[in-house]
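Biologist: I would like to learn how to read a predicted complex feature by feature. Could you take me through one?

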Amino acid sequence: MNIIEIENLTYSYPAAESPILNHISLEVEKGDFLAVVGNNGCGKSTFCKTLNGLIPHFIDGDFEGTVKVDGINTLESDVATLASRAGYVYQDFENQIVRPTVLDDASYACLNYAMEDYEERGRRALRMCGLEGRENDYIWQLSGGQTHLLALAGAVSLQPEILILDEPIAQLDPGHADRIYGVLKELNERYGKTIIVIEHHTEYIADYCRHVMLMRDGGIAWKLPTGEALRRVEELQECNIFPPQVTIAAHRMKREGRMTPDAPLPTTVEEGRRAFGGLRYESPEKKASESSMEAESAVSFRDVSLSYRSVKGEDYRVFDHLNLEIRKGEKIALIGSNGAGKSTMMKLMVGLLKPASGEILIGGESIRKKKTEDLSRKISLVYQNPEEMFIKDSIEADIAYAMQVRNVENYRERTEALLERFRLLPLKKRDGRLLSGGQMRRASLAIGVALNPGILLLDEPTANLDIATRKEIMRTLSDMKGITETVMIATHDMQLVCEWAERIIVLCGGRVVADGPRDEIFGNKEVIRTVGIRPPEIFSMGRALDEKALCYTVDEFLEHFKE
Amino acid sequence: MEGKTKKRLSESILDKFSIDFLRNQVLKNAYGNDDTVIARLDPRILLVWYLFMAIVPWFVDDLWFLLACFILVAATTVMARVAGLVLFIFALGVFSQTGYLFIVSLFFGGNASTIFPLLMLTLKVATCSLASITVFSGLDPDRLSNGLQWYGCPERLSFSISYAYRILPMLMEEFQNILLSYRLRGNPPSRETLRGKIRYLAYQVKVVMLSFYPLMLNTAKRSRTTVEALEIRGYRYAAVNKAVKKIRLSSLRAGANDMMFLAVSVFWICGAVLVSTLI
Amino acid sequence: MEAVRKQTASQSQKLMIFVLTMALYGLSTLFTELIPHYQVGVVEFSVEYFLFIPLTLAMLFDPMSAALGAATGELVFSEIMLGQFGGLGELEKFLTVTIGVYIAGRMVKNPRNYKMVGIAALTGTGLQLLMGTVVDIMKVQFAVEDFEAVAGLPESVFATEGFAFLNDFLFSGILFCLLPTLFLVPKLYGKIEPLLGMRPRDGKTYLGGVNAKVVIGCVIGFAAAAAAELIATSGMPLIDWEAGWAESSTALAVGLIAAAALAVIVIAAIRMKASKGQAEAK
């Protein structure tokens, strides 16, 4: 039975020149788990909003064709009726939560539609989404992943047959991402819900989804079963979608003639075990590690303790006598789950937070007495959310600002050079907020290095980006290795960690639980398990084939696994 | 003392400490006291109680009565566990309205006849403010908005109250981060001399105002999703539906605690009137 | 169908403006409650207003939603959240802020026109302050019998209130309303509208200038505001009457209060029973 039937749908936003959705026809079966993939701006989100009636009932525009959801023609219905058929979770889900407490928000829609048992419905939805026991908490007490689950519960509470999620895991650490997909899987299998996700992470698609739909230029290129879809490597890559690393590795082997051409490409580690079964691992010769022990100290933490005031009860202790040494020239990745203290550590370093006890030295000098504005010539912080770094009305003015107020000589030329270097010249008059995700990120990096600091701190530079943009930022970061001496990145992105970092510091509950080069960290199963790190898929693939294997990129995998 | 505190406050407006402190205090006041006796009381009864405490003292010139009212509201304020900052603002407010006159007249050796009316006035102002602090910051926001709605306040207002409590932590955080951007990249004038201090203050005020440019744009981005989500979740549908209001308000129940609270208040006030007539 | 849909869209836009203004202005009033007021001699340097926020939004979007949002934001964030609610007197502020912002928003046809924006910002602020001043003067006039008869009183009241008005208007008005609005409106114009999915204000979306209907509405609003404030402060002349009552018959007072208490408790008990009965009936 088809739960969604779309015929010849064409839609354009008001005042837009060309339609964003162009002659779409589609059928989705009841109980499907469908991933929608496609380039940025190909109309994925718009498409999803036609399913719950926001288009055309709430958002204006030219609408043609018919959309039938659970047997109802959206054009003849209204948003209220459709809301109980198709639930929607936004990408910026925290803005969709409007009540102060958890249960209240979960049952809000039911109350608004005058259901007598609204509270019971809210509770049931929370149970289904794994938020039992948090009913009376305030929203701000939840972690990012839990907030997302709450947004989902708010949609589930109306018991719709269809759930639509726009990039559910873009902002989450791997532990929370797994949990979200676990909940979705349960909703799909146990409660028979039809689930539609807009998703870039093909490893998750491979693990959870049944069908994949590729959108291109406002149309549907195809809709195929997941395995078959992910094997269309070239076509996906053209649309800036990156298939799972396992698939890419096999695809390249095939091209190099190392695999039989008619064997199906593996899409998961499990399938890969069979496909790559015949390969043998040759451990690379260990390069003598150049010891950097002798290098000068850039930042050092001496017995640093810090507590946050909490709203209720005891203060929350983030760091308790933390000691850490960062040397000049190091490229460090700071990893650990949400709330482990990564951002706090960075704020301490730039002097935005003062430690309760202990001392932080930068270049051998204590920063306790220093003014923040003086420190910023030595150390610079780029926020996780670039929008909060744009304080002027054009990125040119933003980049120039710090230099201008410090009367840096020829700041105009320097700004120009930075714009050029980060490929922002054509955009220089635009407001940062109105740029695309990747451009925003590049602009924030340019702002961060404007004062030519010796130490650069980046908080989640690849969060919220699609894979193609992420790759671009990773390239930019590699380029930047020359500009700034010491760089520290706090991130959940293990591909970035593996390809870029020379030293990895693992934080857990405010303590450094592991510290060393990548082989040492990823080779340590104990650390990976306790901290909840999800290594890149290709690394897990290697480990699955050979316990000793340590390959972090597809290139390394192809190099070290031989027939 | 007063001036010093003021100065310190103003000097550190942009200070992480103070913004963070402010945020913490506001959050504490908004969410930190939901398990007190006051927070669990029936909002309708508390609102009636508030009306009494806010209006009646103005009409009475009896010291004992006023004192009794003051002690009662002071006790409820303590019970409501109101954040320190709110009490500080309260103190400042009372001081600026009448308190300073009171102190000045004491200083110039004012006699009972000048001090007495001032004391009365101060008590009236204080009672009224403390009653409002008890009810409006002690009560759970949602219960408060339900109570207001029961008395016929527009639905838009009760939505605004709940939404304000939801959005405040997010807004504060965003605002704080924008201010931090100014702090990290800006170059404030030095504040060694008096002129420097004034210029520093002016700089800070300017930065706070400039921060609203990015804040407006960032918040605009958010409110679009919020309003779409409100539509999906039936906000507009509920606003015109009587049944929804009934269901929502049916959760209001006056229980034994409320009766107790009312009885104690009445007893206390009656006692005060009795004492004042006996003396 | 089409018309209904159009209306829904415009209602959603109004709600968006309301939410946006409420959140932003509400946040700013939280701060103004905390920024100290400087007093130099008789001149008070108070940072009273972040009124530029609703002024700006009213000039760019639907003025009524922005005006109501601002007034509600102030009420909710600084009055209710911080517990500084002053009773009926708050209604005065609510209405004057709404009127001031609304008028300013209606005046601007082209947000790129600096002159118009500036005039509107000053008019809005001035109107709001002026209404406050008039209410203040009326308060004194009400409180003092034979206001005109007391030698020098009218003059001194007009002088001090007038001075306060000028001071606020020139200081807060120019520094905190005119300049930021002039800075923000042209900068945000064309930038903030797409974020909300709207069209920038132009000849078509402009509501038309201030007309008789608007003026009448505002006058009624102002009358309500003045009445509210006067009722709120009319405790003063009643004190005499009260004092007499309190002295005269103690027994009566006690009896009255006890009776009231009993009544409240009985009524509450009945209500409780009734609501329980209702619940059971269901």
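Modeller: What follows is a walk through rings, charges, surface, backbone and strands.

Biologist: What are the ground rules?

Modeller: This is a predicted model, where local features need pLDDT of at least 70, side-chain atom pairs count only at pLDDT 80 or more, and totals for chains, interfaces and linings use all residues. Residues are numbered from 1 along each chain as its sequence is written, chains are lettered from A and ligands numbered from 1 in the order in which they are written, and side-chain values use heavy atoms, with hydrogens and water left out.

Biologist: How many aromatic pairs are there over all chains?

Modeller: The rule first. Rings of Phe, Tyr and Trp (its six-membered ring) pair if their centres lie within 6.5 Å; planes under 30 degrees apart are stacked, over 60 edge-to-face, and the rest tilted. The count over all chains is 25 aromatic pairs. Take A:Phe522 and A:Tyr552. Their ring centres are 5.7 Å apart and their planes stand at 65 degrees, so this pair is edge-to-face.

Biologist: Where do A:Phe522 and A:Tyr552 lie in chain A?

Modeller: Elements are DSSP runs numbered from the N terminus: helices are H or I with at least four residues, strands E with at least two. A:Phe522 is in helix H21 (residues 518-522). A:Tyr552 is in the loop between helix H23 (537-545) and helix H24 (554-560). They are 30 residues apart, and the pair links distant parts of the chain.

Biologist: Is A:Phe522 buried or exposed?

Modeller: Buried means under 20% relative accessible area, exposed over 50%, and partly exposed in between (1.4 Å probe, protein chains only). A:Phe522 has 0% relative accessibility and counts as buried. A:Tyr552, at 1%, is buried too.

Biologist: Which pair crosses between chains?

Modeller: B:Phe212 and C:Phe50 do. Their ring centres are 5.7 Å apart with planes at 50 degrees, so the pair is tilted. B:Phe212 sits in helix H11 (residues 212-232) of chain B. C:Phe50 sits in the loop between strand S2 (43-45) and helix H2 (52-60) of chain C. Both B:Phe212 and C:Phe50 are buried.

Biologist: Which residues do ring pairs link into a cluster?

Modeller: A:Phe33, A:Tyr181, A:Tyr204 and A:Tyr208.

Biologist: Which charged end sits over the ring of A:Tyr204?

Modeller: The test is geometric: NZ of Lys or CZ of Arg within 6 Å of the ring centre and within 35 degrees of the ring normal. A:Arg534 meets it over A:Tyr204, 4.5 Å from the ring centre. A:Lys471 sits over the ring of A:Phe242, also 4.5 Å from its centre.

Biologist: Which residues make the nonpolar surface patch of about 440 Å²?

Modeller: Patch residues have over 30% relative accessible area and no salt bridge; like charges are joined within 9 Å, nonpolar side chains (Val, Leu, Ile, Met, Phe, Trp, Tyr) within 5 Å. A salt bridge is a side-chain nitrogen of Lys or Arg within 4 Å of a carboxyl oxygen of Asp or Glu. Areas come from the Shrake-Rupley method with a 1.4 Å probe; for residues, only the protein chains shown count as cover. The patch is made by B:Trp64, B:Leu67, B:Ile71, B:Trp268 and B:Val275. Helix H5 (63-79) and helix H14 (256-278) of chain B each give two or more residues. The largest share, 3 residues, comes from H5(B). B:Trp268 belongs to helix H14 of chain B and is partly exposed at 37%.

Biologist: What about the backbone?

Modeller: Look at omega and phi. A cis peptide bond joins A:Ile55 and A:Pro56, with omega about 10 degrees. A:Pro56 lies in helix H2 (residues 54-57) of chain A. A:Asn407 has phi near 55 degrees, a positive value in a residue other than glycine. A:Asn407 is in the loop between helix H16 (395-405) and helix H17 (411-421) of chain A, and is exposed at 68%.

Biologist: In what order do the 4 strands of the open sheet in chain A run?

Modeller: Two strands pair if DSSP finds at least two bridges between them. The order is S2-S1-S4-S5, with antiparallel pairing. Strand S2 (21-29) and strand S5 (72-73) stand at the edges with a single partner strand each, so one side of each has no neighbour in the sheet. Strand S1 (residues 2-12) pairs with S2(A) over 6 bridges. A:Ile6 has A:Leu26 in S2(A) as its bridge partner.

Biologist: How many helices and strands are in chain B?

Modeller: Chain B has 14 helices and 0 strands. Of its 279 residues, 59% count as buried.
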